[in-house]
Amino acid sequence: MATAQSGTGRTITTRIPARLDRLPWSRWHWSIVIGLGTVWILDGMEVTIVGNIAARLSEPGSGLPITSGEVTGISAALYVTGACLGALFWGRLTDIYGRKKLFLITLAVYLGATAMTALSFDTWWFFLFRFLTGFGIGGEYAAINSAIDELIPAKYRGRVDLLINGSYWLGAVGGALLSIVALDTSIFPADVGWRLTFALGAVLALVILLVRRHVPESPRWLLIHGRDDEAERIVGSIEERVTAEEGKELPPAADEMTIHQRSRTTFTEIARTVFARYRRRSALGFALFIGQAFLYNAITFGFGAILTQFFDVPSGSTGYYFAVIAAGNFLGPLLLGKLFDTVGRRIMISGTYVLSGALLFGTAWLFDRGALTAATMTACWCVVLFFASAGASSAYLTVSEIFPMETRAMSIAFFYALGTAAGGISGPLLFAELTNTGKVGDTVLAFQIGAGLMVAAGIVAAVLAVNAERRSLEDIATPLSAAEPQQAVARP
């Protein structure tokens with residue numbers, strides 16, 4: 001590595017990004033996936049549990065003076081608001097202070113807020129800590145996706161990112177099943193069971209926090225922020241572990257890059273980069289997040305009402321149907337993820353978006369004709385969401401890899417907040433109104449709106465998607481700190 005001067009402001013030439021990308025898959029990479037990726041399971045469990053315990057919390061003897069509507073309305077809105085604000089707040093700090101500090105802090109915020117939710121004694125307390133739980137989770141999305149993309153080799157980045165984002169639905173399955181046990185008054189008292197669900201989330205978060213302490217800082221972030229010696233030590237240690245596991249020397253890393261180190265990037269530079277220099281990519285991110293947010297809301301916000309109103313499914317049994325739908329959501333990224341690295345981003349992103357939208361149009365047509373039962377409707381939803389889940393996960397992958405290193409966390413935060421706000425605010429207002437009328441035509445319209453926006457996003461992706469498969473992050477988007485190689489001089 002060649003450098004000039006000391007501290008930030010130096011110009012360095014390095015092969016560290018290429019050394020990380022040329023690594024074969026190893027046990028060390030699995031440790032990164034486990035340490036960083038499991039938080040999505042917590043998020044899925046958190047959201048599902050709250051929806052399933054709403055009725056119990058509103059019952060006399062629950063220990064909390066709250067109505068079911070306040071749990072699914074005000075509380076849910078506060079959680080979403082907290083997630084949006086948290087993403088933006090922590091995302092900025094992630095770019096300034098590093099991935100590791102923030103993925104430890106944000107998980108600690110989630111842990112503490114979830115534990116305090118379990119101790120709720122009044123409505124205002126419950127609302128406050130639902131907001132703070134979302135505030136922590138929102139920050140996780142920016143910090144974790146940044147770290148994952150910067151540590152995972154380019155060859156595997158797509159499938160790993162999709163699998164991790166899709167694991168949200170494993171948490172949803174777990175939350176649905178856990179709530180059934182926790183709310184059984186023959187096992188736990190009415191004022192204890194729901195508290196245990198939140199307490200378990202805090203315990204799982206503590207375990208993840210202990211594992212996560214051993215995940216290193218992103219060497220790419222260290223390079224840009226004047227800590228190249230530390231980056232060198234981390235990458236050298238990883239190479240030693242992988243070499244010992246492989247039993248042979250690693251191939252040489254030929255590509256090198258030259259950067260001018262800096263301490264931080266201004267908001268003005270971030271805005272100019274994202275909305276001027278990369279405005280086509282920003283339009284792509286906007287389309288992908290809005291499309292998936294509305295398709296998911298078209299189905300998930302009304303699925304329970306649809307099953308009970310049109311198919312006479314008892315309200316206490318809808319959780320089983322949801323578990324099946326959630327399983328379909330997880331299988332999409334799991335089984336299709338590899339294709340995003342082999343077939344390519346453009347074809348797979350546009351294909352999953354357009355196909356899931358078209359399938360939802362078909363479901364709406366069958367539902368309008370009265371050709372579906374509760375079981376076949378659920379089967380249709382599973383097929384739609386099998387493809388939609390892979391597409392939605394690819395939206396997070398896309399915005400985390402198509403913008404420069406210095407803006408990565410903030411870009412993820414912005415588009416996550418945008419999609420979450422659309423899904424958690426305008427989505428419920430629109431789709432809950434349509435699906436709760438009890439009219440077949442209104443529910444069909446809800447499906448058609450979600451399907452139309454998903455297909456439109458797929459068409460945008462077909463035109464604007466970036467062929468990022470198997471390419472280094474620095475090749476996809478040149479770092480803002482990139483410098484001409486001849487500016488660097490040899491280290492004394």
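Which elements each supply at least two residues of the lining of the second largest pocket?

Author: The model is a predicted one. In it, the elements that each supply at least two residues of the lining of the second largest pocket are α1, β3 (257–260) and α20 (473–476). Helix α1 gives the largest share of that lining, with 3 residues. In total, 19 residues line the second largest pocket, and the space inside amounts to about 300 Å³. Nearest the centre of this pocket lie D255, E256, M257, S472 and E474. Sorted by class, the lining of the second largest pocket comprises 8 nonpolar, 4 polar and 7 charged residues.

The relative accessibility of R19 is 14%, so R19 counts as buried, the cut-off being under 20%. Apart from neighbours within four places in sequence, R19 is in contact with E232, V235, G236, E239 and A253.

Helix α15 covers residues 318–342 and helix α16 residues 345–368. Their axes are 7 Å apart, and the two helices pack at an angle of about 140°. The helices α15 and α16 are therefore oblique to each other, since only angles over 145 degrees count as roughly antiparallel and 65 to 115 as roughly perpendicular. On the side of α15, the contact is made by L336, L339, F340 and D341; on the side of α16, by R345, M348, I349 and T352. By class, this contact of α15 with α16 holds 5 nonpolar, 1 polar and 2 charged residues.

The C-alpha atoms of A392 and I349 are separated by 8.8 Å, although the two residues are 43 residues apart along the chain. A392 belongs to helix α17 (residues 374–401). Its relative accessibility is 8%, and A392 therefore counts as buried. Leaving out residues up to four places away in sequence, A392 touches Q292, Y296 and Y353.

After α14 comes D312, which has a positive phi, near 55°.

How values were computed:
Residues numbered from 1 in each chain as written. Predicted model: local features only at pLDDT ≥ 70, side-chain atom pairs only at ≥ 80, totals over all residues. Heavy atoms only, no water. Helix = DSSP H or I, 4+ residues; strand = E, 2+ residues; numbered from the N terminus. Axes fitted to C-alpha atoms, helices over the stretch in contact; angles between N-to-C directions. Parallel < 35°, antiparallel > 145°, perpendicular 65-115°, else oblique. Contact = heavy atoms within 4.5 Å. Nonpolar A, V, L, I, M, F, W, Y, C, P; charged D, E, K, R; others polar. Buried < 20%, exposed > 50% of the residue type's maximum accessible area, 1.4 Å probe, protein only. 1 Å grid on protein atoms, 1.4 Å probe; cavity = no way out; pocket = protein on both sides within 12 Å on 5 of 7 lines; lining within 4 Å. Points joined across faces, edges and corners; volume = space filled by probe spheres on them.
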